[in-house]
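Dear colleague,

I am handing over the structure below, followed by an account of what was found in it. Please read the notes with the coordinates open beside them.

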Amino acid sequence: MDHTRTPLFHALLKHAERNPIQFHIPGHKKGVGMDPEFRSFIGDNALSIDLINIAPLDDLHQPMGVIEEAQKLAADAYGADHTFFSVQGTSGAIMTMIMTVCSEGDKIIVPRNVHKSVLAAIIFVGAKPVFIQPARDKNLGIDHGIPTRSVRRALEKHPDAKAVLVINPTYYGVCTNLKEIVDLVHSYNMPVLVDEAHGVLIHFHDKLPMSAMEAGADMAATSVHKLGGSMTQSSVLNVKGNRVNPKRIQTIISMLTTTSTSYILLASLDTARRHLALNGYEMAERTIALAQYTRKQINEISNLYCFGEEILGEEATYTYDPTKICVHVRKLGITGFEVENWLREHYNIEVEMSDMYNILCLVTPGDTQENVEVLLEALRELSHMNDDVVEVKEVVIKVPAIPQLTLTPRDAFYGETEVLPFKDSADRIIAEFIYVYPPGIPILLPGEVITQELIDYIVEHVEVGLPVKGPEDRSVQNVKVIVETQAIF
């Protein structure tokens, strides 16, 4: 296919050039009815293509023109049979995958470290999650992928499940043996869904992990905006094979999508695809080289460690994406959250995320040598400031087991609830989410039993300032639990 073409973006440019009189939304009418300061900052070019689904521009809910063409080009670029554009982010695409294959009461096999959008879809549809424990790295204090042997056990115990969901790569950039898992799951004639939020570049370079489409997965939700150059909130849902019905997917994604779709976001997906299809290999090559340089330099700084190929070799650490720079800071004697704040205050650096023991920096095609050198300068200074650290915080994995799920997430979320002080909630069934964002992986989800160990773990995160979210009480002092009938004596 001719990847120099951008049918949707070109149609928007032609429409803006015609400059028609608009008696339709948006009400700012090319910026004229907008706050002048905001209009000046955004610019009239952008506002001229902030349009809606009028006939010349096609309709994302039933694409038959330039959007359909743009999606076909995207499918070719990403190695898919069908590609659906999402203006609801990858969260919308993930929910679409699950709601396409699951109905109320159906089982779905998922890693316990899934994004909250997976669990939101499970609640919406009333499915029953079968959790697989990801491999825990006790040296770094993070989760990796799910071992193939764990998937095999889950399939043997639950051959009636409707699908298996895999994260590839994880937020920290580590991948399981996706092809092996896909082949195993397909032997049960079951579809494989992939959360590929952090994997758009892997489609375009052989030094990066295998993509979901290359591995033969049935559906994959991919954040083009995270690493591929489109605008925030724009993603794609890639589909391959005949285990899922693309017409059903179109119906579900339409149900989850605003009818006021952003043509700026859609155009950015169209043009990002062009850039990746034409230049993706060179973009990824430069990015990998810059990231590996960064990794090498960080590993020469005392008391810092950035993992690489040396952690590979197990089922759950089959390969990795070197553009994810996970810096282990435990030996500095401070938390990753404190490092994040220090970088912000002293060097005007914003990292992707932090946890108790790490910071995560993403090196993308948008980075330069100059950016990286500032980061390295900052980390060298921080290391020097902490040269005399005596106490090194030990990595203690404080969530040794998946909490017991005693109600389906939907029944708990919509159940009769009461509010208790969180510190007094041990052994009760939680009715809301508690998660650290980013990455948005729930520590507790509706239907699980709260343990004292989990209370201590979450309170520690709150007390050091990590962004614990989810409960209606933002301070996490109180929590909603399922009402329990009192015993009669």
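Before the rest, some conventions. This is a predicted model, in which local features need pLDDT of at least 70 and side-chain atom pairs count only at pLDDT 80 or more, while totals for chains, interfaces and linings use all residues. Residues are numbered from 1 along each chain as its sequence is written, and side-chain values use heavy atoms, with hydrogens and water left out.

The chain as a whole

The chain has 16 helices and 20 strands, where helices (H or I, at least four residues) and strands (E, at least two) are DSSP runs numbered from the N terminus. Its radius of gyration is 23 Å, close to the 23 Å that the globule rule gives for 489 residues, so the chain is as compact as a globular protein of that length; the radius is taken over C-alpha atoms, and the rule is 2.2 Å times the number of residues to the power 0.38. The C-alpha trace spans about 70 × 60 × 50 Å along its principal axes. Buried residues make up 56% of the 489 residues, with buried meaning under 20% relative accessible area, exposed over 50%, and partly exposed in between (1.4 Å probe, protein chains only). Among contacts (heavy atoms within 4.5 Å) between residues at least 6 apart in sequence, 72% join residues at least 24 apart.

Helix α1 (residues 7–18) packs with helix α12 (residues 263–298) at an angle of about 130 degrees, their axes being 7 Å apart. Axes here are lines fitted to C-alpha atoms, for helices over the stretch in contact, and angles run from 0 to 180 degrees between N-to-C directions. The two helices are therefore oblique to each other, given that angles under 35 degrees count as roughly parallel, over 145 as roughly antiparallel, 65 to 115 as roughly perpendicular and the rest as oblique. On the α1 side the contact is made by Pro7, Leu8, Phe9 and Leu12, and on the α12 side by Tyr263, Leu266, Ala267, Asp270, Thr271 and Arg273. These residues divide into 7 nonpolar, 1 polar and 2 charged, where Ala, Val, Leu, Ile, Met, Phe, Trp, Tyr, Cys and Pro count as nonpolar, Asp, Glu, Lys and Arg as charged, and the others, Gly among them, as polar.

α1 also packs with α4, at an angle of about 145 degrees and with the axes 7 Å apart. Pro7, Leu8 and Ala11 of α1 meet Val66, Ile67, Glu69, Ala70 and Leu73 of α4 in this contact, and the residues divide into 7 nonpolar, no polar and 1 charged. The buried residues of α4 include Val66, Ile67, Ala70 and Leu73, and what covers the buried residues of this helix includes α1, β1 (82–86), β10 (235–239) and α12. Just after α4, Gly79 takes a positive phi of about 70 degrees.

The 12 residues of α16 (residues 452–463) should span 16 Å at 1.5 Å a residue, and the end C-alpha atoms are 16 Å apart, which agrees; the expected span is 1.5 Å times one less than the number of residues. Leu454, Ile455, Tyr457, Ile458, Val459 and His461 are its buried residues, and they pack against β17 (434–436), β18 (441–444) and β19.

Val476 is found in the loop between β19 (468–469) and β20 (478–482), and at 7% relative accessibility it counts as buried. Leaving aside neighbours within four places in sequence, Val476 is in contact with Phe422, Ile434, Ile458, Val462, Val468 and Pro471.

Backbone points to check

Most residues other than glycine have a negative phi, and most peptide bonds are trans. The peptide bond from Ile25 to Pro26 is cis, with omega near 5 degrees, and Pro26 has its place in the loop between α1 and α2 (36–42). The bond from Asn168 to Pro169 is also cis, with omega near -5 degrees. Asn303 has a positive phi of about 70 degrees although it is not a glycine, and is partly exposed, with a relative accessible area of 27%. Asn348 has a positive phi near 55 degrees and is exposed, with a relative accessible area of 68%.
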